[in-house]
Amino acid sequence: MSGDTRQALAIRAGDVVANLLHAARKGDVFSVRDHGTIASVTASQDIPRFHKIALCAIAADQKIVRGGLVIGRATGAIKPGDWVHSHNLESLRAKAKSPILKDAK
Amino acid sequence: MMMKDIEFMGYRRPIGRPGIRNYLLVLNATGLTQPSANRVHGLLVGSVLASTPYGMGSLGCDSEITSNTLCGICLNPNVGAVLVLSADRPRADVIGAALAQAGKPFHVICFDDVAQDNLRISDEGLRAGARLMREISRQRRESFGLSELCVGLECGLSDPTSGIAANPLLGRVSDRIVASGGTSVLGETIEWLGTEDEFSKRATTAQIGKKIEQAVLGREKMAQDAGIDLAGTNPNRINIEAGLTTIEEKASGSVAKSGTAPISGIIAYGDRLDTTGLFVMDAPAYSPESLTGFVAAGAQIILFTTGVGNSYVSAVSPTIKVSANPQTIQNLPYQIDFDCSAILDGASQDAKADSLLAEIVNIADGAKTWGEVLSEGSESISRHGAAL
């Protein structure tokens, strides 16, 4: 499969992550659909199919936005092309023993 | 396809929407009568079974919701007649009254009718069920418009393709059905978590919007009070392995099933949906319980997206399995009814929505889903209280 046919799907401009439509090997280049401003991204590591790739640098604790919605918080610094998943993305909601709802808004 | 011209062939009922199936329902209301209900259901090929094993063990509001849900299942338009088996006479009387009011043929047998004899209840149940089944088989289908459809919208064992393609596709179909005067309903409250600001703004009144928000926050609080951390629970291990990381991410994909129509109201689990429009149901996310909620609300048909694969369907309401994951389509040719993976390659969502709507009409007319053919269906009533 040539580099041209590998696609990542964003939802809208401003998204910092996109979903890979094909599995990534480190170094693979993906064209990004539906983002508007970011047109391509290079995988910095192997990433499974349909998982998320960072489209730009994300700071630790930064809220991660996709499709205009906050989907969680970065638990460490993330580089463009990194795999974004449970190891570096954490939910802001429904945490047992947390003060109710203060973290959520 | 002009939506106003779309018709399906259904079974007219004395009150309410038409059915797309004409089942004898064996309705079992208690644990004691469950083996007998299983026997009768097994002998009456083509009947469907809805059963609760908890019966008299269900107390307080759990008992009320169970009763309401059992009535709702009986009143579902796909049910032509009901055989009620119960060890609890008052529960059976409530169900019988609801069926009488709806003008639906039924027969009730309680354990005390047969002096607690489980073999007699099986025998009399078989005879009564057979009479009902033969009687209702004489009814013929008539033509109805899309406005008479009530569609349940569900997702199960989701992966990122669910949120990207399959759920938005359901949203388009839902919008068309609602625009035609029909009804659609979406549940799985915990899976609105993170979207509730936007979601509640779509309500037709501020009061409904507030109730939607309260339903979501209430469900979140339920988890916290129970000491349940959603991380690892929802999304679950399978969702996570497939690429969904947080509940907020899963929710943004999940609510896409609702399309863009305004939300006309919020119903509780077990409540009936007697009006038209897009509704939400405050209910558990677990698919078996969720689908039974749709059945009790009156949905004749259910659209169920899956990412990695999920064979569960309703027994009473034909459930169309939809997936956008090409690997899943390839792995599960005897499970997935509708392949929308072409959307990932850029195929037109509108064209796919037309196709899915056409398939809905086919299934409504009598074509069977994989779940029906393979008898994968069941009903599961959610519990809402403690056992004592």
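Helix α9(B) is mostly covered, with eight of its eight residues buried (buried means under 20% relative accessible area, exposed over 50% and partly exposed in between, with a 1.4 Å probe and protein chains only). Helices (H or I, at least four residues) and strands (E, at least two) are DSSP runs, numbered from the N terminus. The model is predicted: local features need pLDDT of at least 70 and side-chain atom pairs count only at pLDDT 80 or more, while totals for chains, interfaces and linings use all residues. Residues are numbered from 1 along each chain as its sequence is written, chains are lettered from A and ligands numbered from 1 in the order in which they are written, and side-chain values use heavy atoms, with hydrogens and water left out.

The buried residues of α9(B) are Ile247(B), Glu248(B), Glu249(B), Lys250(B), Ala251(B), Ser252(B), Gly253(B) and Ser254(B). Of these, Ser252(B) has a relative accessible area of 17% and is therefore classed as buried. Its position is in helix α9 of chain B. The side chain of Ser252(B) reaches the backbone oxygen of Glu249(B) at 2.9 Å. Leaving aside neighbours within four places in sequence, Ser252(B) is in contact with Arg66(A), Leu69(A) and Thr195(B), contact being defined as heavy atoms within 4.5 Å.

The interface between the two chains brings 35 residues of chain B into contact with 29 residues of chain A. About 2,500 Å² is buried between chain B and chain A, and carbon and sulfur atoms give 56% of this area. Buried area is here the accessible area (1.4 Å probe) that two parts lose on being put together, summed over both. On the side of chain B, Gln224(B), Thr245(B) and Glu248(B) lose the most area to chain A, together 23% of what that side buries.

Across the same interface, 14 residue pairs are in polar contact, with both residues at pLDDT 80 or more. A polar contact is a pair of N or O atoms within 3.5 Å; within protein, one must be able to donate a hydrogen and the other to accept it, and residues adjacent in sequence count only if both atoms are side-chain atoms. The elements of chain B that give two or more residues to the side touching chain A are α5 (160-179), α6 (196-201), α7 (206-225), α8 (237-242) and α9 (247-254). The largest share of that side, five residues, comes from α7(B). By class, the side of chain B that touches chain A has 13 nonpolar, eleven polar and eleven charged residues. In this classification Ala, Val, Leu, Ile, Met, Phe, Trp, Tyr, Cys and Pro count as nonpolar, Asp, Glu, Lys and Arg as charged, and the others, Gly among them, as polar.

Three salt bridges are counted between chain B and chain A, a salt bridge being a side-chain nitrogen of Lys or Arg within 4 Å of a carboxyl oxygen of Asp or Glu. Arg93(A) takes part in a salt bridge with Glu220(B) (2.9 Å, N to O). Arg93(A) also forms a salt bridge with Glu196(B), the closest N and O atoms being 2.8 Å apart. Arg93(A) lies in the segment after β9 (89-90) of chain A and Glu196(B) in helix α6 of chain B, so this pair joins two chains. Both Arg93(A) and Glu196(B) are buried.

Over all chains, the whole structure holds 24 salt bridges. Within chain A, the side chains of Asp46(A) and Arg25(A) meet in one of them at 4.0 Å, N to O. This pair links distant parts of the chain, 21 residues apart: Asp46(A) is in the loop between β4 (40-42) and β5 (52-54), and Arg25(A) in the loop between β2 (17-20) and β3 (29-33). Asp46(A) is partly exposed at 45% relative accessible area, and Arg25(A) counts as exposed at 58%.

Within chain B, Arg127(B) and Asp123(B) form a salt bridge at 2.9 Å, N to O. Both residues lie in helix α4 (residues 118-136), four residues apart, about one turn of the helix. Arg127(B) is exposed, with a relative accessible area of 53%, while Asp123(B) is partly exposed, at 35%. Elsewhere, salt bridges that share partners join Arg172(B), Arg176(B), Asp350(B) and Asp354(B) into one network.

Chain A has zero helices and nine strands. Of its 105 residues, 45% are buried.
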